[in-house]
Amino acid sequence: MDIAIENGKIVEKVVGNDVAIINASRMVVMPGGVDIHSHIAGAKVNAGRMLRPEDHFKDVEAKTENTRSGVGHSIPSTFTTGYRYARMGYTTVFEPAQAPLKARHTHEELNDTPIIDKAAYPLLGDCWFVLERLAKGMIEECAAYVAWTMKATKGYVIKIVNPGGLEAWGFGRNMRNIDDTVPHFNITPREIVQGLCKVNELLHLPHAIHVHTNNLGKPGNYTTTLETMKCVENLAKGDKPVIHVTHCQFSAFKGDDWQTFHSGAEDISKYVNSHSHVTTDMGQVVFTDTTTMTADGPFQFILYQLSGNKWINGDVETETSTGIVPFAYKRKSFVHATQWSIGLELALLIKDPWKIFLTTDHPNAGPFTYYPRIISWLMSRAARQKAMKKLNKRARQKSLLSTIDREYTLYDVAITTRAGQARALSLSHKGHLGVGADADIAVYNVDPTSVDPSRDYRLIRRAFKRAAYTVKGGEIVVRNGEIVKSVDGKTFWVDVETSPSVDEFAPRLKQVFEDYYTVRYENYIVPEHYLAVSCPVHVKAEI
Ligand SMILES: [Zn+2]
């Protein structure tokens with residue numbers, strides 16, 4: 001069929017003859033890719049860049065007529081990030097960990113990231129103001145604060161990382177399970193997750209709470225993950241998901257220690273298959289040198305001890321923590337090879353592709369540039385078997401993959417790499433090619449009538465690596481895998497309408513800033529004009 005584009009949108013038909021035509025016959029046409037979870041901008045990402053000069057000089061992008069120069073294998077510079085996503089046909093990428101206090105930095109880098117649309121998720125699960133209100137059962141006051149934070153920091157989603165654990169880390173401690181008590185706050189991770197889930201529903205935010213679970217990266221953590229998903233079961237109304245468990249691979253570990261470590265993917269998949277209030281994403285491991293970075297400071301300390309690599313530990317006053325450690329995933333490592341298998345097992349055992357999305361938790365389990373390879377693993381049993389031949393033998397023997405025949409279709413790929421993510425984020429104008437959608441389109445040079453992805457997985461990988469065309473907002477930005485034009489992407493943020501308005505909440509917050517922060521209230525707020533292309537999403541709250 002023909003797809004008509006006018007003024008950046010997909011329309012019924014175009015009037016007049018002065019029309020540019022792309023002949024996409026015998027090619028795969030999809031909406032632009034959407035990435036729900038990729039660390040591409042902000043203070044932590046930039047600290048990672050500074051920590052790792054060796055990540056830059058081996059991977060250089062030269063300046064061209066249409067592009068600026070850049071560097072970086074696992075933590076590309078801002079411009080390079082935008083170009084590399086666009087080359088793969090991706091047009092929307094959301095940054096999932098913004099310390100509210102560092103929001104200005106995040107938006108400065110997002111402004112410098114060309115082509116793609118973006119948004120940022122403020123970290124709220126360990127913020128003192130949130131913990132204090134939730135501990136006292138003051139849900140509405142907490143909701144007013146969250147609404148204010150979305151506006152003040154230009155955020156889009158409530159992000160929760162190791163709830164309570166980051167605050168405890170300030171005292172050298174961590175949360176052992178979801179019913180542990182956060183020091184000095186008389187609250188548990190369960191109460192934080194449930195409280196912020198209620199806040200999310202009161203505010204009608206566009207996405208569910210986005211949760212990095214307690215005990216992430218530790219053997220045996222799959223029970224914590226199941227308990228976390230279960231604890232908000234009753235808060236779901238209808239079929240709309242209320243919790244997104246992110247980079248699930250890192251939270252699907254069985255075993256008592258690294259010796260007995262094995263996959264918990266079957267148990268997690270079984271739960272997700274039988275419940276509609278959960279979505280998740282893969283956090284797929286790829287075998288390469290990368291950089292791990294997360295707000296989960298205590299987890300990064302463990303990784304530092306395990307790897308002996310250099311390490312950054314950070315603390316953002318009263319809000320969150322951070323950690324950065326370089327890391328190499330090796331095929332011959334039992335643990336790494338098992339992790340590789342777990343990500344794919346989850347994607348293949350969770351039956352509904354609308355519930356699990358393709359990510360690598362870039363750059364934690366590998367750089368986003370490996371997505372085409374992951375797509376080929378999802379689509380081809382032969383590709384998986386070939387990869388498995390080189391794996392650690394014990395990991396290979398224990399892997400569930402040899403028992404799984406499923407191969408993704410191109411429709412499954414379209415859902416897990418764009419349609420599902422767009423739906424989970426309530427981006428109704430993305431993830432599809434219907435009339436009214438944004439004209440963000442990827443064309444891949446692979447003929448679905450003659451190519452069998454199961455057998456010809458190399459062709460699939462090649463095609464998804466370099467889009468034949470990427471169209472962003474109606475403009476051709478990529479042709480034959482090369483950037484031909486750079487445009488500015490939009491930054492989405494949620495403008496929550498509350499009664500009284502969030503601005504009337506401000507005087508109460510000024511005291512919080514006097515008491516807790518070393519910065520002034522006035523300097524904390526990111527004004528709208530700070531965003532290169534501001535795109536507020538209006539929602540009306542129940543408060
Ligand atoms: Zn992440």
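**Exercise 1.** How do the residues of the lining of the largest pocket divide into nonpolar, polar and charged?

*Solution.* Keep in mind that we are working with a predicted model.

- Start with the pocket itself: its volume is about 1400 Å³.
- Next, find its centre. Of the 41 lining residues, M1, D2, I3, V29 and I441 are the closest to it.
- Then look at the elements that give two or more residues to the lining: β1 (4–6), β2 (9–11), β3 (28–31), α16 (410–424), β19 (441–444) and β21 (475–479). Helix α16 gives the most, with five residues.
- Finally, sort the lining by type: 29 residues are nonpolar, seven are polar and five are charged.

**Exercise 2.** Work out which residues of helix α4 (residues 103–111) are buried, and how they are arranged around the helix.

*Solution.* Let's take the helix residue by residue.

- Taking buried as under 20% relative accessible area, we pick out A103, T106, H107, E109 and L110.
- Viewed down the axis of α4, these buried residues fall within an arc of 160°, so they line one face of the helix.
- As for partners, the buried residues of α4 pack against α1 (43–51), α3 (78–87), β7 (90–98), β8 (117–122), α6 (139–153) and β23 (491–497).

Note on methods:
Residues numbered from 1 in each chain as written. Predicted model: local features only at pLDDT ≥ 70, side-chain atom pairs only at ≥ 80, totals over all residues. Heavy atoms only, no water. Buried < 20%, exposed > 50% of the residue type's maximum accessible area, 1.4 Å probe, protein only. Helix = DSSP H or I, 4+ residues; strand = E, 2+ residues; numbered from the N terminus. Arc of directions from axis to C-beta. Contact = heavy atoms within 4.5 Å. 1 Å grid on protein atoms, 1.4 Å probe; cavity = no way out; pocket = protein on both sides within 12 Å on 5 of 7 lines; lining within 4 Å. Points joined across faces, edges and corners; volume = space filled by probe spheres on them. Nonpolar A, V, L, I, M, F, W, Y, C, P; charged D, E, K, R; others polar.
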